[in-house]
Amino acid sequence: MSSSSPLSRPGSFSLIALALWIGLMVAISVWMAGQAQHWLPVQASNAAPLVDGLFRFETGVGSFVFLGVVSVVAWTLLVHRAEKYDESDAEPIEGNTRLEVIWTVIPLVLVMAIAWYAIQVNTKLGVLGPMEHIHPRNAQEELGGYLGDRLPAEQVEVIARQWSWEFRYPGRNVSSTELHLELDRPVTFRLVSEDVLHGFYIPAFRLKQDVIPGRAINFNLTPTRVGRYRLRDSQFSGTWFAANQADVVVESADDHASWLKQGAAAPLQSGLSPAVGEYADRQARGPAGWPTVVPAPPPQVNVPGSNSLPHDA
Amino acid sequence: MTSTALVPEPLPSWRRYFGFSTDAKVIGIQYIVVAFFFFLIAGLLAMIIRGELLTPASDLVDRTVYNGLYTMHGTIMLFLFTFPVLNGLNNLLIPPMIGAPDMAFPRLNAVAFWMVPVFGFLLIASFFVPSGPATSGWWSYPPVSLQNPLGQLINGEFLWVLAVALSGISSILGAVNFVTTILRMRAPGMGFFRMPVFCWTALAAQTLQLIGLPALTGGAVMLLMDLTLGTSFYRPEGGGDPVLYQHFFWFYSHPAVYVIILPAFGIFSELFPVYSRKPLFGYVYVAVASFIIVGLGLVVWVHHIFPSVAQWMRNLFMVTTMLIAVPTGVKVFAWLGTMWRGKIKLTTPMLFCIGGLINFVFAGITGVMLATVPVDIHVSNTYFVVGHFHYVIYGAAVMGIFAAIYHWFPKFTGRMPYEGLGKLHFVLTFLGANLNFLPMHPLGLMGMPRRVSSYDPEFAFWNVLASLGAFLLGVSIIPFLLNMISSWVRGPRANHNPWNAIGLEWLLPSPPPEDNFGDHVPTVISRPYGYGKDEPLVEHQAEIERALTLAEATR
Amino acid sequence: MTTTPMPPANPPAAHGSGHHASHNLTGFIIFLCSESVIFLAFFSGYAILRRSALNWLPPGVEGLEWRMPLINTIVLVSSSLTMVAAEHFKAKEKLWLFRAFWLLTMAMGAYFLYGQAVEWGGLNFGLTSGTFGATFYLLTGFHGLHVATGVLLMGLMLGKSFLPGNYNGGEEGVKATSLFWHFVDVIWIILFVLLYVWRN
C-alpha cells in the first residue's frame, strides 16, 4: 500500500523498443498524410493546394495522436489485465503533477500551432482584390488570390433559387445554367438568392459560401485546372435541395471567349432545373409525399448547358 | 432500534413506473425507458434514411418524406432520447452518489419528466397533420422553415417549435433541480473535491443548460412568431435577418453538445477506476477541466456557421474552438493514466468505456480539423460533419450511456444483467458504428453534401458501406433489449456491491430504499476512487458493509 | 428485526423544513438567472436588427412617445421601494403595515400594466410593422407578462399572509416574489433605455 509513486525506470531494451514503436507510428502518420490527398477531389482552384496542405498536416498529426492513444490502450489490455480470479486492487497511483503539466502544455502548444498555420492559410485565402498580383503556377511564390499580370477579375452574377442556379455575365449579355470560367483568371461572383438560404459549393475548388436572401455577397476565386466540375447546393433549401446542382466548366481563354460570343447570340430558352421535371412527374403520378413549395420556373438563359456529362469532381 | 435504511426492499412492483411518482429513482427509470422508446423510433427513421441512401437516386421515398425523416431523426434523437436519458441517469445517480434522499424539488422533478411524453406526442403527431412534419432539419433555419406551402396554422413546423420550446422548459426545470441538489444536499464531509466526477460533470452540463437554453427559446419564440403571426424577425423582405436565427440557435446548440458529452465523460471517469482497480488519475484536474469546458463551450458557437459570417469572426472563433481540445485531452489522458498499471477487467461496461474512448479520440481529431476554417469551408455541411458528430454522439456518448446502464443496472433493479449478451451488444455496436460513420468522412471530403435525398453516382461505394453499418447498428439493439427485459424479470439477484466499487451508492442495498440513506447519511472522510489505498470512504464503513451483507444473507 | 450498529442519525438541522426552505430560494435564484438570458437574447436580437436596418422606422412612424412610458417607469421603480418597505415591516412583525405596502406595490404594478395597455392602444404601428413593430411588441409584451405574473404572485403571498403560522418555516415565498419583482424592474430599466432613450 503506497501513495503515488513514480513510474519505475524502464530498461534500455524497453527504451529502444519504445523508440522503434514511435518511429513506426511516425512513419504510418506520414504515410496517412500522403494518403489524405487521395481522399480529396482534384485541385482545380488556387485555394485547393492551401486547403489540402493544411488537411494533410492535420491528418498526419491526428494519425500520430490516434495511434498513440490506441497503442497505450492496447498495451494496457495486453500487459495490465487482471489475473482470472484476482479481485485485489492495483497500485493506488492518484496522479502525477508533472505529467499533468506536460499533457496540458503540449496539446496547448500543438493546437495553437495548428491554429497559427490555419490563420496563415485563411489569410492567404482571404487575400482578395483585383490588384493582387500573384502567380499561382509558380511554386516559389505564395498562392493567393490572383494571377499575375493584374488581370481584372471576370464578373459573374449567381442567382440561387429553389431549385436552380443561374449565371449571368453582365458585361457580355450572356446567361446560363452552366458556369463557364476561364483558366487562371480571377473571377468575382456576386451571390444572391431569390428565396431561401442556399450554399454555393464547388468541392473541386474547396470553397463554399452561403447565399443569404436579402444580401448580395461578393466571393472571389481563381480556377487553375481545365475540366468539368460539380457545383452543389450545400445549405438545405427544401424539397429538391439534393437536385440543385450545376456543372462548372473551366476552359482555356480562347474557348471561354468563343463560348461567351456564341452565348450572346443564342436566343433565350429554359435553363436546367431537374426539380421542375421531377415536380411535373410527381403531379402527374399523384403526390406520394407531403405538400411542397412549387419549384421556381427554370431561368430563361442563352445557354442551358448540361448537368449529365461526366465530371472530374 | 430498527434500521429501515439497511433492509433490502422487496423488488419494487412494475406498477410504480407507470404512474405519477415523485421518487427520483422511479422518475429516473421512467426517463430512461421513455427515452429508449423514442430511440427505437428515431432509429427506425435512420434505417429508412440509410435504405434510401443505398442507391444514388431518390427511389425509396418521396423527397418530402425523406426531408421529414432526416429532420425528425435528428430532432427525436436529441430531444426525446439523448437529453431525457441523461436526465434519467442524473435522477438515478446524483442523490445516492451524494447521500441525498431525493432531488431538491421532487414534484418539479416529476413535472419535468411528464412534459417529455407530451412534447413527444406533439412531434409524433406532426407526421399526421396534412402539412406533414417539419422538414428543415433539426436546426429549422429560416427562411426555408417558414415556408408553409399549405398555409395552415397547425403545421409540422409549428408543432416542432412548440415541442422544442416545451423540451427547453422541461430541461430548464430539470437543471434547476440538479444544480440545487448538487450544491445543497451533499453528505456531511463531502466537499466539492470529494464529490464523484459524475456529479461534477452533471453540475457543469446543467449549468450550460441554464445559460444556453433560454437563448434557443428566445430564438424559437421569434421563429414561431414569424411562422404564425407574420412578423419578420428572420424574413429579409420585412427587414429581418436569417443569420440572426443561426446565432441564437448555435449559442445554445453548441453548448448542447457539451451537455451531451460531459455526462459521458463523467461516466468514463467513474468506470475506468472500478474496472482498473485503480484511482482516477488526476481527479482534481479532471473535475476542474469540466468547468473549463463550460467556459470555453460558451464562446465557440460560430464554428457551426463559418460560411455565413465575416472573416474576423472566423479567426476568433477558430482559436477559441481549438482551445477546447486541451481540457478534453486532460480527461482522455486521465483515463489512460487510470488504466496504466491497473488490473483491467474487460466487463461489458469497461468494453463500452474503452470503445467510447477510442471513438472519442477519433472524433476529437476530426473536430480539430473542422475547427480550422480553411478545411471547414470545404467540408462544412457535408457528410464529414455528419460522420464527426455521429462518432461523438453514438461512438462516445451513447456508448457511455450503455456503459452506465450495465454498470448501475444491479444497483437500481436489484438484478445482474447477463454478461454474454452485453459483450455481444458491445461488439455489434462498435463494429456497426465504425462501419456506419467512418465512410462518411471520405464522402464529405469528396464533396457530398449532407441532408440530400439523392447523390451523384461516384458516392455510391461509401454510402453502401455506411448503410450496411447502419443495419448492423439496428441489429445490435436486439441483444440489448433482450438483456434488459430478461435480466430485470429473471436475472440473478444482485448484492449491494457486485463490482466491489467505491462510492456512496454502493453502500446502499440493491435497489436502495425510497429515501436512500434517510436520516443516517454517512460522513465522507476521503476522496473518491481510493482503490488500493485501504482507507474507508465513510465513517463506520465496516459496520455498514457488515449490516448489508448480513441482510442479504438472510434474504 | 435485529439491532445492527449503524451510523448515528444525522442531527435534525441537517434535514427538515428549514433546509428545504433555503433550497427553494436557491432554486428560484438559479431559475431567475436562467430567465435573464432569454431577455438578453431578445435585447441582442433587437440591437442587431436595429443597427443593421436601413430604414428602422416604418413609414408613418416618427418615433416613440416617451413621456407616458417615463411616468410608468417611475411608478414601477418606486414600487420596488414600496416593496422593500413592506419587507422591512414584515421583519419587524408589523403585519398590517406589511400588507398595506404590499398592496400598494401590487397597485403600482397594476397601474404599470394599465399604462402599457393604454400605450399599446394609442400606437399607430402593429406587430407586423417591420422589425421595429415586431421587436417593440415582443419586448414590451414579454416584459408585461412578467409584470402580470409578479402581481399574481404578490396576490398569492398577500392571501397567504392571512394564514396563521404561515411564516414559521421561513418566508421564502415573500423573498422569492420580491426578488422576482426587482428583477422585473431592472429588466424594465434596460428595456426603457433600449427602446425609448436610444436615438439613432
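Student: How many residues go into the contact between chain A and chain B?
Tutor: In this predicted model, 77 residues from chain A and 80 residues from chain B take part.

Student: Which elements of chain A supply that side?
Tutor: Helix 2 (48–79), helix 3, strand 6 (198–202), strand 7 (207–211) and strand 9 (227–233) of chain A each give at least two residues to the side that touches chain B.

Student: And how does that side split by class?
Tutor: For chain A, the side touching chain B has 46 nonpolar, 17 polar and 14 charged residues.

Student: OK, chain B and chain C next. How many residues are in contact there?
Tutor: 41 residues of chain B are in contact with 31 residues of chain C.

Student: Which helix of chain B gives the most to that side?
Tutor: Helix 5 of chain B, with 10 residues. Helix 4 (156–184), helix 6 and helix 16 (541–553) of chain B are also among those that each supply at least two residues. By class, the side of chain B facing chain C has 22 nonpolar, 14 polar and 5 charged residues.

Student: Let's stay in chain B. What covers the buried residues of helix 7?
Tutor: The cover includes helix 3 (97–126) of chain A, along with helix 5 (197–229), helix 6 (242–276) and helix 9 (325–339) of chain B. The buried residues in helix 7 of chain B include Y283(B), Y285(B), I293(B) and G297(B).

Student: What's the span of helix 7 of chain B, first C-alpha to last?
Tutor: Helix 7 of chain B, residues 283–297, has 15 residues and reaches 21 Å, close to the 21 Å expected at 1.5 Å a residue.

Student: How is chain B divided into domains?
Tutor: Into domain 1 (17–195) and domain 2 (494–555). Their C-alpha centres lie 34 Å apart, and 16 residues of domain 1 of chain B are in contact with 17 residues of domain 2 of chain B.

Student: Where does the largest share of the domain 1 side come from?
Tutor: From helix 2 (residues 63–98) of chain B, which gives 5 residues. The side of domain 1 of chain B that touches domain 2 divides into 10 nonpolar, 2 polar and 4 charged residues.

Student: What about the domains of chain A?
Tutor: The assignment for chain A gives domain 1 (12–78 + 97–126) and domain 2 (154–301). The C-alpha centres of these two domains of chain A are 38 Å apart. Between them, 9 residues of domain 1 of chain A are in contact with 13 residues of domain 2 of chain A. The domain 1 side of chain A has 6 nonpolar, 3 polar and no charged residues.

Student: Is N516(B) buried or exposed?
Tutor: N516(B) is buried, because it has 24 C-beta neighbours inside 10 Å. E93(C) also has a positive phi, about 65°, without being a glycine. E93(C) is exposed, since it has 9 other C-beta atoms within 10 Å.

Student: While we're in chain C, where is M108(C)?
Tutor: M108(C) is in helix 3 (residues 95–121) of chain C. M108(C) counts as buried because 21 other C-beta atoms lie within 10 Å. Beyond its neighbours within four places in sequence, M108(C) is in contact with V75(C), L76(C), S78(C), S79(C) and T82(C).

Student: Last one: what's the mean pLDDT of chain A?
Tutor: It's 89, and 89% of the residues of chain A reach 70 or more. Over residues 128–150 of chain A, though, the pLDDT is below 50. Where pLDDT is low, the predicted coordinates should not be read in detail.

Definitions and conventions: Residues numbered from 1 in each chain as written. Chains lettered and ligands numbered in written order. Predicted model: local features only at pLDDT ≥ 70, side-chain atom pairs only at ≥ 80, totals over all residues. Domains from an automatic or database assignment. Contact = placed C-beta atoms within 7 Å. Helix = DSSP H or I, 4+ residues; strand = E, 2+ residues; numbered from the N terminus. Nonpolar A, V, L, I, M, F, W, Y, C, P; charged D, E, K, R; others polar. Expected span 1.5 Å × (residues − 1). Buried ≥ 20, exposed ≤ 12 C-beta atoms within 10 Å, placed from the backbone. pLDDT = per-residue confidence, 0-100.
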